[in-house]
Amino acid sequence: MRCLVTGATGYLGGRLVPELLAAGHTVRCLVRDPGRLRDHPWRAEVETATGDVTKPETLPGAFDGVEAAYYLVHSLGSGRDFEATDREAARAFGRAASAAGVRRIVYLGGLLPQGVPEDRLSAHLRSRAEVGRVLRESGVPTAELRAAVVIGSGSASFEMLRYLTERLPVMVTPSWVDTRIQPIAVRDVLRYLVGAATLPAEVDRVFDVGGPEVLTYRRMMHRYARVAGLRRRVILPVPVLTPGLSSHWVGLVTPVPSGLARPLVESLRHEVVCTEHDIARYVPDPPEGLIGFDRAVGLALQRIGEGQVVTRWSSASLPGAPSDPLPTDPDWAGGSLYEDVKERTVDAPVEAVWRVVEGIGGENGWYSFPLGWAVRGWLDRVVGGVGLRRGRRDPGRLRAGDSLDFWRVEEIEPGKLLRLRAEMRLPGLAWLEMTVRPAEGGGTVYRQRATFHPHGLAGHAYWWAVAPFHAAVFGGMARNITEHARRGG
C-alpha cells in the first residue's frame, strides 16, 4: 500500500516509517520542512510532500494515490487554543483524505478512563478523544488506537519515569502514584500501527491497546529501579500536590519541561486500563506474547546505553518555535541584527575540531562558564521554556532537526558547518553557528557566530543586558573548543 505519514519528524512517526517500509509498503511523509528528514537513514526510500495539517490548502496533493493515512500530530503546547487548532486540523485532514478516496485513516490517541465524563478529562485527553471522533466522522474508515504510557527509549513518558526514579531515591509524590495504568512497549505500539493499515474496510472504531500488565506508577518506579540495578526507592505519597504543582516538580527533576509534563501528569489522575483487546482479532499477538514492562524497560535502557535512540520526545519541533528565515537568507525581511563573532586558528586537523563541534551540548556541555549556561537554562524553565535538560538524542552524532539542549539543529554539513536555532524563551530570534575550514599553511580555522534578531524594545534591551557576558561566554567557548581539539578531544 501507499501510506501517508504525518508526524514523521516526531517520536512515533520517525519510528513508524522504517517499520512500514520493512512491511513492504510505500511511504510518503507529509512535512512542513522536507529538510528535517534529510539525515534520517530511510530518507532516500520515502516520498515527501510539503504541507501542514493546519493549512488545508496544502493537503490535497499529498493524498494522491494514498490508501492509508496516519495522523500522528497534535498542537499541544501551542497555546490556549490548542483544542480548537487540533479540531480544525483533524477536520481538514479528514476532508482531504475523503476527497482523495483514501481507504483507511489510522490515529493514535490516549486511553480514556472509564466512567469519567468528558468535561472532567484533562484538556489533553479531551482533545485527543475529539480528534479521533472528528476523523471517524470524515467518512473514511478510521482505526483509533488508544494507548496510555508508552515505554521506549526517548519517549516523554519513559524519560519522566526514568529520571524521577534515578534522581530521587526518596520521593514525596502526588497521590496519582497509586493510580492503575496499563503501559505498553513502543514496539507493540508500532506493530499495531503497521497492522492497522490493512484492516478490513468495515472496521471503523476505537481500539484500546496496552501491554500485558496493569501497574500503579509507584510499582512502575520500583520495577524500573530493579531493572536498572538501583536500590529500592522510598515513595511517600501526599494528597496536596495538584497536577499543576506536580508538573513543575517533574519539570524540575526531569528533562521533560513542565508544559509537556502537565498533560502527562493530568492523564494519570484517573485509572487508564484497557477494557477490551479486540485489536488481537486483526493484529494477533506474537507467539511469545506482548512485551512486559520489565523487558520494555530493559530494551529502552539498552538502546540508551548503546547510543541508539532513534527518536526522542523532543524530535518534533517545539510548538510555536520560531520559523522565521535566517538573516542571511535571501527572503529575510531585514531589521536590526546583533552579532558576536569569534575566530581562532588552531594547530589541529579539521576532523578533530569538527568532532568537538558535533559533540557539543548534552553531557559534554558548552565549553565555557558552566554555571552561566546552567543559570540560563534554569531561568528558561522558570518562564516555561525547555531549558538545558533535553540534552542530545545521540552522544556523538547530530542530524538536521535534532533538539540539542535549548537549541534545534537547523543546518549541519558534516565536517564544515553546524547551525543551531534557539528554542529558549527570548524577545527575538537567535542562532549559533560554528564552522571549520582548513587554514592556509596547515591547521584549522574555527569560526563562531552568535546572531540575534530582536523583537521590539524588549529585544534590544535584552541584548544589551547580556552583552557584558558574551565576551566571557562566547570567547571562552571558542577558546576551549579549539584547545580541546588541539589536545586530541
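## Helices and strands

Helices (H or I, at least four residues) and strands (E, at least two) are DSSP runs, numbered from the N terminus. With that in hand, let's look around this predicted model. Its chain has twelve helices and 19 strands.

How much of the chain is buried? Of its 489 residues, 56% count as buried. Among contacts with a separation of 6 or more, 73% are between residues 24 or more positions apart.

## Two helices that cross

Let's begin with a pair of helices. Two packed helices are described by the angle between their axes and the distance between the axes. Helix α4, residues 156-167, packs against helix α9, residues 293-305, at an angle of about 90 degrees, and their axes are 12 Å apart. Angles of 65 to 115 degrees count as roughly perpendicular, so that is how α4 and α9 are arranged.

Which residues meet here? From α4 come Phe158, Leu161 and Arg162, while α9 brings Phe293, Val297, Ala300, Leu301 and Ile304. Sorted by class, this contact has seven nonpolar residues, one charged residue and no polar ones.

## A closer look at α9

Here is a check you can follow on the model.

Five residues of α9 are buried: Phe293, Ala296, Val297, Leu299 and Ala300. Viewed down the axis of α9, these buried residues fall within an arc of 160 degrees, so they line one face of the helix. The elements covering the buried residues of α9 include β7 (150-151), α4, β10 (184-185), α5 (186-196), β12 (215-216) and α6 (217-227).

Back in helix α4 sits Thr165. Is Thr165 buried or exposed? Buried means under 20% relative accessible area, and Thr165 has 0%, so it is buried. Beyond its neighbours within four places in sequence, Thr165 contacts Met171, Met221, Tyr224, Ala225, Leu230 and Arg233.

In helix α6, the buried residues are Tyr217, Met220, Met221, His222, Arg223, Tyr224 and Ala225. After α6 comes Gly229, with a positive phi near 75 degrees.

## Phe93 in helix α2

Now move to helix α2, residues 82-99, where Phe93 lies. The relative accessibility of Phe93 is 0%, so Phe93 counts as buried. Setting aside residues up to four places away in sequence, Phe93 touches Leu4, Thr6, Val53, Leu59, Phe63, Ala69, Tyr70, Tyr71, Ile105 and Leu135.

How far is Phe93 from Pro56, by their C-alpha atoms? The two residues are 37 residues apart along the chain, and their C-alpha atoms are separated by 7.4 Å.

## Two residues with positive phi

Most residues other than glycine have a negative phi. Phe369 is not a glycine, yet its phi is positive, at about 45 degrees. Phe369 lies in the loop between α10 (350-358) and α11 (370-382), and with 41% relative accessibility it counts as partly exposed.

Asp405 is not a glycine either, and its phi is positive, at about 55 degrees. You can find Asp405 in the loop between β15 (403-404) and β16 (407-413). Its relative accessible area is 2%, so Asp405 is buried.

Technical notes. Residues are numbered from 1 along each chain as its sequence is written. This is a predicted model: local features need pLDDT of at least 70, side-chain atom pairs count only at pLDDT 80 or more; totals for chains, interfaces and linings use all residues. Side-chain values use heavy atoms; hydrogens and water are left out. Axes are lines fitted to C-alpha atoms, for helices over the stretch in contact, and angles run from 0 to 180 degrees between N-to-C directions. Angles under 35 degrees count as roughly parallel, over 145 as roughly antiparallel, 65 to 115 as roughly perpendicular and the rest as oblique. Contact means heavy atoms within 4.5 Å. Ala, Val, Leu, Ile, Met, Phe, Trp, Tyr, Cys and Pro count as nonpolar, Asp, Glu, Lys and Arg as charged, and the others, Gly among them, as polar. Buried means under 20% relative accessible area, exposed over 50%, partly exposed in between (1.4 Å probe, protein chains only). The arc is that of the directions from the helix axis to the C-beta atoms.
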